[in-house]
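Please look over the model below before reading on. My notes cover some helix packing and one hairpin.

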Amino acid sequence: MVVQHNISAMNANRYFGINNSGLSKSLEKLSSGYAINRAGDNAAGLAVSEKMRAQISGLTQASKNAEDGISMIQTFEGALQETDSILQRMRTLAVQSANGTYQDDVDREAIQLEFDQLNDELNQIADTDFNGVIVLNGGQMADGTKAVGSVIDYTSGVKAPKELTKDDVVIGDAAYAGSNDETVTFTATKDKSGNVTWKASSGALKTLTDKKEGGFEYDGAVFAFDTDQVNTGDTITVNFTKNQAAVAGKAPAALGYSNSNAKAATSLATAVTAGGGATPASESARDDINALQGAKIAYETDADGVVTKATLTLADGTTVNSTDNAAATATSKYGIKVDAGAITVSRWDADATTAASADVLSIAKGGAITKTDAANQTGELTIAFSDAKFANKIAGDIEVEATRVSKADSNNASTATMTYADNITLQTGARTKDSVNFTFNYQSNGLGELKADLNCSARGLGTDKLSLATQKDANAAIDKIDNAINKVSMVRASFGAMQNRLEHKIANIDTNTENLTAAESRIRDTDMAKEMTNFTKNQILSQASQAMLAQANQLPQGVLQLLG
């Protein structure tokens, strides 16, 4: 028996600490609901649980992202419902105007008024945005402001060139002098009183003169504008072509021929003479002659080797026979004739004052096909002009290349910044690779000349170029509007397809989230029944060890009896 070390008390105290620690951990797990409150509780389980938590939170947000995507799609598809309604009304107006009971200058003008207003509304609907994102206007707002890249910035935005109509600009070119070949940009300035003045770009070769009505004159050409549609900074770029006298080209000459019975190709230069093609009276005449480059002339001869029949075959495969089309006509642009063994090729000169048939070239009897060749032969000549590139320009021309004439200053005070996109990228999963780009692609043969894109503005649907001003125009507009309706239907279908896909994706994400949460719970959450058992055990052990510690502390008291 010793008094320096109470081993029994030390042992009881150690177990008392162990039991208290176990009791404390049980209390912590029961209080927090987690089986793992620190890495020491379960290091491997903590690592797995944290990865699962990251995936679960990512999937939860991905589901919300997909729901936001559906909200965007529903916004744009809902806008297109009204676009469809407008197109149906436009088609009704076109059918109405196509009826022969209406007058152009009264009834159809009234119809055109509504048609124009509907076009303007199509552009406004196409500007529909979702949280500042626009997809339906092709990157150009209704007021003409264009996206730079993908950003529509009204603080520094540039208005797109506006296609001018006869009501916007009137060009009086009857007195156009055609002094120079040049491109000039004219810029407008509008004062507070509404007066418009114009300035020619640097380097312009003629002097600009302002007109009282808000237009200007340049080199004899008069440009008249509706000043209500012109604002400061608006521009018009014009190509001017110089007025030139006709420049005669060289006479076309055939370079060679091949003869099916001939021993070798022979030059035709001395056997060919030029007809009316030597100096074409117009550019169209020149183009008609050039079109004969490479044409073939098949021929047949009699027993004496004299040509009796010839056929002209053009590059496009069109054939003209000398037997049924000796000379060119208004309905058959080219002709070929055989007369006493000589072959003549002609073209219909629609630009000549008499609209007469003009010879292009003649092949003399015996020049290309001689009696030295076998009798009753067939062969082929190839037309090859040595110089058919005529440089003549008859009259000057005026061509409006680009314009920016606005109808309103609505963007001047705006500071809005929006984003244009023809696709959206959605993060529809917890991982980087789960980012999906939806491009709304579709293909259709029922759009006519329209592009298979998302542009459902009047520009993108082609209705801004339609007119119901005449019965003929209205008839033509019906099919064009049908194409526009088909396009809107395809865009809506692509939106609907994406929405259905996203709904399936959300269902899959939610299922994954549920299963991952259950797996993470089995690792991280406290099994309350089991932990309560541990708590009760540790509580009893703690109390028992405390009592034994008290007993152990009493053992040294027996030494006093020995000392007494």
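This is a predicted model: local features need pLDDT of at least 70, side-chain atom pairs count only at pLDDT 80 or more; totals for chains, interfaces and linings use all residues.

1. Local features are described only where pLDDT is at least 70.

2. Look at helix H2 (residues 43-97) against helix H6 (residues 471-524). Their axes lie 7 Å apart. The packing angle is about 165°. Angles over 145 degrees count as roughly antiparallel, so H2 is roughly antiparallel to H6. The crossing of H2 past H6 is left-handed.

3. What residue classes make up the contact of H2 with H6? There are 31 nonpolar residues in this contact. A further 16 are polar and 12 are charged.

4. Next, take helix H1 (residues 7-32) and helix H7 (residues 528-554). These two pack with their axes 8 Å apart, at an angle of about 155°. That angle is also past the cut-off of 145 degrees, and H1 and H7 are therefore roughly antiparallel. H1, too, passes H7 in a left-handed crossing.

5. The contact of H1 with H7 can be split by class as well. It has 14 nonpolar and 13 polar residues.

6. Now the strands. E5 (residues 182-190) and E6 (residues 196-200) run antiparallel. How many bridges join E5 to E6? Five do. For a landmark on the pairing, find Phe186, which stands opposite Ala200 in E6.

7. Finally, check the turn of this hairpin. Five residues sit between strands E5 and E6. Gly194 in the hairpin takes a positive phi, near 90°.

Conventions:
Residues are numbered from 1 along each chain as its sequence is written. Side-chain values use heavy atoms; hydrogens and water are left out. Axes are lines fitted to C-alpha atoms, for helices over the stretch in contact, and angles run from 0 to 180 degrees between N-to-C directions. Helices (H or I, at least four residues) and strands (E, at least two) are DSSP runs, numbered from the N terminus. Angles under 35 degrees count as roughly parallel, over 145 as roughly antiparallel, 65 to 115 as roughly perpendicular and the rest as oblique. A crossing is left-handed if the near helix is turned anticlockwise from the far one by less than a right angle, and right-handed if clockwise. Ala, Val, Leu, Ile, Met, Phe, Trp, Tyr, Cys and Pro count as nonpolar, Asp, Glu, Lys and Arg as charged, and the others, Gly among them, as polar. Two strands pair if DSSP finds at least two bridges between them.
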